[in-house]
Amino acid sequence: MIPPRWPYWLWLSALACGGTEAAPPVVVPILDPTTFEVQVQPMLVRLCAQTACHGADDRAFFLYSPFGARAIRSTDQPALTGAETSANLEACRRQLEASPDLLESPLLKRPLRPEAGGGPHGGGAQFYDRVDPSYVLFACWILGGGAEGEPECRP
Amino acid sequence: MSSLMILRLTALVGVLSCRDPNLQDEGLAPDLVPVPAGLGPGDPYFAPQPHRDHPYAIALSLSGDKLYVALRGNEAEPGREVAVLDARSLTPLGRIEVGLSPNHLALHPNGRHLVVCNRFSGFLSVIDTQSDQVVQQIPTPYYATELVFDDLGTRAWISNRWLDLVLSYDVGVADDRLQLSLRTPPDARLRDRLRGAPGIPVGTNPRALAYDPASERLFVANLVDLDVSVIDTREDREVDRDGDPGTTTKGAPRGVTRLSIGAPVNDLLVRGGWLYVATVGAGTGHPADQGPDTNGDGLPGDGTANLHFHDLQNELATYDALTLAPGPRYTSDSIVGILDDAPEGSPGLPEPEFRIVRGALPEQLAEGPEHLYVVTAGSAEVSRYRFLEAGRLAFERIDTVGLFPYGAAVDPARGEVFVANRLTEDITRVEVSGNSTHQVVGDVKGGAFPATDAELGEVMLNSTALYTVDGDATCEHCHREGGGQRRVASAPHGRSPFTMRSTPTMKYLQQQRPLMFENFLDETNFSPMMNEFGRAENFGPGMPRSDYPDRDTFYLAISERYLGRSRSFGDALPEAPITFEQAARLLGLALIHESRALPNPNPQDTFAVARGKMMFESAATGCANCHPAPEFTLSRNFNPAGLPLGMRMFSGAIFDGQDIDALSEGAKRRFGAEDHVFGVPTLRGLWDRPEHFYHDGRASSLVEALATPDHPALAPGEEGLNVRDGVFDIHGGTSHLDAAELADLIEYLRSIE
């Protein structure tokens, strides 16, 4: 069971007898490339890709960012190139590979605040809890909207 | 005429032990903290108000001998008690302590457990009707609004106003305790699943629920979205009304078309395969400017598309519960002065057999073995209709109850109906014969209602119909529960007959003066609004109200009849006879006295809210210049930077070649208002409003309202409206924000109380 933010867990405790899980584990990530480029990547660049963090190219989870690590030399190209974007998407995919339950994958768990069931994360908590709109935006891209794929998924 | 008998009970009120001593509060979410009333002692209009209990929902025990009345209180002073009465003698038996602001009572089919929805508490209270004690507190998200059981009592659904969801539960009874376990419907949104509150997404402010055992469908009234969500409970999934995956109702899951009622959906009832809907009328559909010349411009009509407020109606709509095909739609008598003199068969005039709905503002429905009972809140009445075949109804009688009634419960064996009256603090029992008995259940220690000028104003606001020409319209027809609705209404101050304005809330007005989108109306004189309900020219010889020589005589007589006085109290406004002008001032006073703000359950302390707040206050967005905290608006008494109160934001909207944002010359002269200039609406309470923003309702979501065209946050089919004449960022800078940042900004807006 996902430990949601207090006091949500109190409502969940009411489920105990029914044993209903709030979100069933989802195995196959969706990872739509357009959503990645338009919505997800700008957020990752802002929250994660600092040069001391996932913008350092020796990191297992490494991200290109417009003013950090680049695959191209030219400095008059502020936007990430298609190749850089694809590389960033692949970096995310690799972080999801080993996780049968995507909500428990490093991408969706480590940057989450420990009080909300996340961590450990050297870069500190980036998502307050699992209903943080940035987390939901990220999770929507990974999971699709719901168990079956794609109902309404706006944060 | 119903005979009226007031019971003066001297019997000692028994004190019930409120709750089971074993009951635990530990582990329950804390109650929400009410938002204080609008005015404080510093304001010249402030006057102390007596405490009131505001009886709201009502339920009868299975045997019919006990009556339970939820004392909801108001927003600033919520109650936390349910009163118990002997249903025969109406003797108060005591009070039971429940959660904060009890809103609804639902008796489990086993007849033993009465479940109380408490809107400001994170739990349901379960009353054991044998001991009249609260025996369980079952956690559920704040703003549980109504609960309905299926006929066997093995399932239950709760409408939730905060999350705009219906939560679906399996129900069991073990060791005399109710067991509720939450289901996860297939269309639950990811965010709601992650929140631990997976529910069926429905429309804005879901309120009434009705379950049909035959079709296994649940009907959900989306109060201010003007439609009904139909849920197939076998799958807990919303039914697509038109079966066309290519069409979607605004705000609904993709491909779902909801059952549109065209007006606020106040209550629902299912019986014999028919769905009955209490609503207020979708308009006549007659052409603009039709009818007699009532504004003296030499042309037919009064210059507006909806004949001012005269076409507000009171309706009972019916639908086949299975096919959802409409059955008869019953409406009120007339549109005063326009259609009631028109020959039968005139366009817009329904056949006489459909013009049977009496009273104003059908608020609640209740059923007896052969009858439908309709509480009409605005006219202080309950009416009785006989169920005929195929959804048809026949009017039988109408009886007066207390002021601003809400809940109704029927004793099927005796054919009696009990009604809870919010303003007069009492209940009314109406017998089959029409004999009625009133019993005070609320708080009259500060004097019988009304006791102050602001309370007089509450009558004008909530029981407006009493003061109207034909007794059928109230402010609440459009401003449901003091809020707005997802609809534009014709604006009498527009130059074009097509001028439409979105319906805003009537909340937080103490810091919004002057009022209206155009910032032109002074709260101390609400006469332009009141005027739409009772125009002076309708009184006197040869006019619809020829029984009164003029409007003021009518106002004085109505006040005497319903309030037992014809002068105001003088505690907040100068004491004066309750003429039309004084009534309009009292109304304005009531509007600013109560903020009517609901406490906001959204957390204030998350990263997203903090990030959003920083953006809101940044120079790059500029939001806080025009929407400064804590009022998030600019007004005559709140304008920290001394900015102009009105400004031009968007291009004037054009409809049928006419500029529908321009004001009539009369309005400009009278109020000193300007064309295309709009005030800054408050952002308070945004979390609870229908997503229908700006003066003309052009934005259907906050993202649409704030995003520039082509903003990455826009979903397919959405339009970014932060643009004028091709220039972006005219309403605060947002083009530089990424999708997640705009989501953070919106998260902040939704955290504002």
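1. The side chains of B:Glu396 and B:Arg386 meet in a salt bridge of 2.7 Å, N to O; the term denotes a side-chain nitrogen of Lys or Arg within 4 Å of a carboxyl oxygen of Asp or Glu. B:Glu396 lies in strand E27 (residues 393–400) of chain B and B:Arg386 in strand E26 (residues 381–387) of chain B, so the pair ties together parts that are ten residues apart in sequence. Helices (H or I, at least four residues) and strands (E, at least two) are DSSP runs, numbered from the N terminus. B:Glu396 is partly exposed at 30% relative accessibility. Buried means under 20% relative accessible area, exposed over 50%, and partly exposed in between (1.4 Å probe, protein chains only).

2. This is a predicted model, in which local features need pLDDT of at least 70 and side-chain atom pairs count only at pLDDT 80 or more, while totals for chains, interfaces and linings use all residues. Residues are numbered from 1 along each chain as its sequence is written, chains are lettered from A and ligands numbered from 1 in the order in which they are written, and side-chain values use heavy atoms, with hydrogens and water left out.

3. A second salt bridge joins B:Arg88 to B:Asp411, with the closest N and O atoms 3.9 Å apart. B:Arg88 lies in the loop between strand E4 (78–86) and strand E5 (92–97) of chain B, and B:Asp411 in strand E28 (residues 405–411) of chain B, so the pair ties together parts that are 323 residues apart in sequence. B:Arg88 is partly exposed, at 30% relative accessible area, whereas B:Asp411 is buried, at 3%.

4. B:Arg501 and B:Glu518 also form a salt bridge, their closest N and O atoms being 2.6 Å apart. Both residues are buried.

5. Strand E30 (residues 426–430) of chain B has five of its five residues buried. Strand E29 (residues 416–421) of chain B runs antiparallel to E30(B), joined by five bridges; two strands pair if DSSP finds at least two bridges between them. E30(B) also pairs with strand E31 (residues 436–440) of chain B, in the antiparallel sense, over five bridges. B:Val417 has B:Val430 as its bridge partner, and B:Arg429 stands opposite B:Thr437.

6. In chain A, A:Glu84 is found in helix H3 (residues 82–96) and is buried at 0% relative accessibility. The side chain of A:Glu84 reaches the backbone nitrogen of A:Ala71 at 2.8 Å, and one of its polar atoms lies 2.7 Å from the backbone nitrogen of A:Thr81.

Key: Polar contact = N/O pair within 3.5 Å; in protein donor to acceptor, adjacent residues only side chain to side chain.
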